[in-house]
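Welcome, and please open the structure in your viewer. We will go from stop to stop, selecting a few residues each time.

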Amino acid sequence: EEEEQEEKPGPHTGKVTAMVFSPDDKLLASCCEDGILKVWEIATGAEKMTEAITVMTKSEGKKRVPIRALGFNGSGDRLLSGGDEKCIRIWNMNLMDALRGADKLLPKPPEPEEGWPEGEEPEDQYEKGDPITLEGHNAPVLAISFSPKNPDRFASCSTDATIRIWDFSSEDHSAKLTQVIDPIQCLTNFVVWSPDAATIVASSEDIEVQLYSAVSGKPRSEPLKGHTAAVRSAAWAPAAQSFVTCAGDNTVRMWHFLINRNISEIAVLEGEQMEFNNDMRYWGEILGEVRKDYQDYKKGLTHYKPKIYELRAALDKGVERTKSYVDREQLLGLPVTDYFELDGMIDDYAPYYQLWDTIIQFQQREIDWLTQPVAGFNSTQIEQLLDAWYKDVYKMIKTFDNDNMRPMQKIAKELRQGIEDFKGRFPFLKAFGSESVLDRHWTEMFKRMDKKPMAEFSKITLQMMLDANINEFVNDFEELSTAASKEHGLKKAMASMKKDWEPLEFLTAPRNGVPLLRGIDDIQTVLDDHISKTQAIRSSPFCKPFEAEVHEWEATLLYIQDFIDQTIALQRSWMALEPIFVSDDIKRQLPQESENFARIDATFRERMFQVDADKNCIAIAKIKNIVEDMTECNTTIEKVQKGLKDYLETKRLYFPRFFFLNDADLLSILAETKDPTLVQPHMGKAFEGIAKVRFDPNNTIIEAMISAETESVDLTPQVDVMKPGNVGAVERWLLEVEESMMDTLRLETKKSNDAYATAERVKWCCEWPGQVVLCTDCIYFTQEMTDALTQNKVADYEKKLFKQLEDIVVLVRGEMTKLNRVTVGAMVTIDVHARDEVTQLVKDKVASPEDFAWLKQLRYYWCDKQTFLKDPDDKNSHNQKMECKVSIVNSTLLYGFEYLGNTARLVITPLTDKCYRTLM
């Protein structure tokens, strides 16, 4: 009893090594080097628990062990202690006792030989279980510190020069420690968490302070130097940006983070990286299991599938995770981690995954192909898949051709054999596993097999057909499949063409209020192509099941083609005739044609508005009788055009110069007979030199003709376009214009001839129209040259010509109008040629007007009325008008008096003279 009294723990008698408050601040625990642990109630100061930690030694027997570290868990129901005992004890604060194992059953007293009297058998007796201790450092524990964020995570340090971070869990009679990260190599007397639980502070090399990541265990910085003696303890500021330390040098130092990084973000990243490292270890275990244990081909689908795809998905996700880690490390300014182990694991797993993925897919698909309806499959895709698998397996067999991979090579060969076996059952699925196979093909197949269908065609499976010995009818189902495929191809072509036509629409553009077709090249290209394709389909022997549809579609396309042809032809004619038949003059002169065109115009407008309302090509093809109406209109409009052409022919025969005008120009003239001035734009086409004419202020009398060079010549006589017979008959007064033009030029030439004899030549040439000047010049040259030859004064006449040219030179050096300058220029061209010819006659000593050297020249002779016979055989054919004969050698023609305007002349060369002689 005295010994027991001595062993009962009393107050602390040694150095107190640690004190810690519970999270709710209701309890205070303390320990000291004498091995005593005490728990106090703060509110009352009562001592709630006092325990001594003892161990048995060989030399000293039971001996107390110093306690150096204490820590409450987050909930406060567990207190952990550690010290020289080299383990961690757990205390149950609810019972104020050590956390113990289950109560132990005590042995019962021996049972009497006669047995226990009834009701006197002793009850079971229990004693407390043994206190629970947890192995940690296997060395004295110096400090315990719980995380401020995780109530069950704590850090401990020991004389084994390590800091360890644990996850602690406990139940009523058990407890467990799980090490979170690899031990941190550090010899320290203390370890303290930062308020954000991202960092722990400890001492390094005894006098230096060191910060470590509480997530990865990596140093946060280089060791912090300052103390000159061993650092004893540390405490953090609430904001986790500062902490203080104390040391044996009797100093307290404050430290502040001067780093440009967010410690919280780094801690989160490090936590994810540590979790990733744990996952890597787990993935490595799965990969090892795949390598070592996955050896049975038949278990691929049933047993191995979950782990195979789990690992594949995890590795793929791992690549994404590591990319995220690297990006965040770069953003936070941390050294970038090389995840080469993940890359190596992916490379190692690749051949195994390829093999087992192919096996699993094949085994799953094989079941589907055998047990699901044949009608739902696409045999082409299945065949491509089988071929791809077979090629991959062949490559895998070569890849596994080494001693370490023999088991995998054996499994790959089993897969190859499985594919080959299925290919032996594949022909029927290949033939009938297609959307082209219809019920009638199934019916024909069972008819040839002489069997009844075992189910609806849409529910028949490959296994059913194999059970019915379908492979005995290979030729039959292949023949039916080929026919079905051909038919389906033709139907798809038909469907494709119809789909192509769905969006196609005609383009229209309004003209005079009527929408006309335009830009049909694209539609015509498609139409030509599809007509050819449709006709090819119609000629195929496989189109019989849907022959009526093909004929109907071909008729639709041809109807569209006819519509395009007829409409384009009709609108071309309509555009040409519509401006003509709006004229009242045309309607009056062509009543029958106007009536026919009116009917055509009404029909055409109605149909084109229908087209414009729905431009879709197929919709237009459904408009009733549209092509027939267009065809009828084209037939009628041809008659209208013929009547119009005949009408124009009569006009041209009356006034032949209308032949110089095309139909459109002539019709525009005839359509505006009420306004004579509208003929002006076409005058230049009917008359060589008349660009326009000048009307009097009332637009009833044509007073003059005007050339393109603006030379104006007054007409004599003037033309009255409004006199009886001329009103509305443009061809009549144009014929009068023609006659007046010629009479005017005759009269002007006569006057010019008379004036030439009396006026100065340099003045004369500027007073008359240019054409008249040239004609008079030629007439007088012929007359004067003939007289010179007769009188043998050619040399004198040559001098006269030179003098005339010198006078003209003086004239052109002065001021002249533009028209006069053109006239004089043309006259000089003729005069120079005349001078040259005379000079040649002088050289050749020609002295007779009958000499060929003179006769071969172009000669002009003026003839007054009644001076010669136009027909030598008719004595009454005297000329009724003044004429000008133009002769060369023995050929003579009358001057046409066609007004040519005032234009420049090209130089006359010997070749020009030869042309004159040849043409006349």
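Where is the place of Phe 897? Select Phe 897 and you will find it in the loop between β32 and α25 (910-919). Helices (H or I, at least four residues) and strands (E, at least two) are DSSP runs, numbered from the N terminus.

Before moving on, a word on the model. It is a predicted one, where local features need pLDDT of at least 70 and side-chain atom pairs count only at pLDDT 80 or more, while totals for chains, interfaces and linings use all residues. Residues are numbered from 1 along each chain as its sequence is written, and side-chain values use heavy atoms, with hydrogens and water left out.

Most residues other than glycine have a negative phi, and most peptide bonds are trans. Phe 897 counts as buried because its relative accessibility is 1%; buried means under 20% relative accessible area, exposed over 50%, and partly exposed in between (1.4 Å probe, protein chains only).

Next, select Val 889, in the loop between β31 (883-888) and β32 (891-894). Its phi is positive too, near 55°. Val 889 has 30% relative accessibility, so it counts as partly exposed.

**Stop two: a cis peptide bond**

Select Thr 716 and Pro 717: the peptide bond from Thr 716 to Pro 717 is cis, with omega near 5°. Pro 717 belongs to strand β29 (residues 712-720).

Select residues 67-72, strand β7. Five of its six residues are buried, so β7 is largely enclosed by the rest of the structure. Leu 70 stands opposite Ser 81 in β8. Five residues lie between the strands of this hairpin, where Gly 76 takes a positive phi near 80°.

Pro 510 has Pro 515 of β26 as its bridge partner. Two residues lie between these strands, and Asn 512 has a positive phi near 55°.

**Stop four: the cores**

Which residues have the most contacts inside the largest nonpolar core? Select Phe 506 and Phe 563, in a core of 104 residues. Helix α12 (residues 547-581) gives the most to this core, with 13 residues. Apart from it lies another core, of 92 residues, including Trp 356 and Phe 473. (A nonpolar core is a set of buried Ala, Val, Leu, Ile, Met, Phe, Trp, Tyr and Cys residues joined through side-chain atoms within 4.5 Å.)

Back at Phe 506, look beyond its neighbours within four places in sequence: its contacts (heavy atoms within 4.5 Å) include Leu 517, Ile 560, Phe 563 and Cys 617.

**Stop five: a buried loop residue**

Select Ile 690, in the loop between α18 (683-686) and β27 (692-695). Is Ile 690 buried or exposed? Its relative accessible area is 2%, so Ile 690 is buried. Beyond neighbours within four places in sequence, Ile 690 is in contact with residues including Met 705, Met 741 and Tyr 899.

**Last stop: helix α16**

Finish at Leu 653, in helix α16 (residues 626-654). With 59% relative accessibility, Leu 653 counts as exposed.

How values were computed
Two strands pair if DSSP finds at least two bridges between them.
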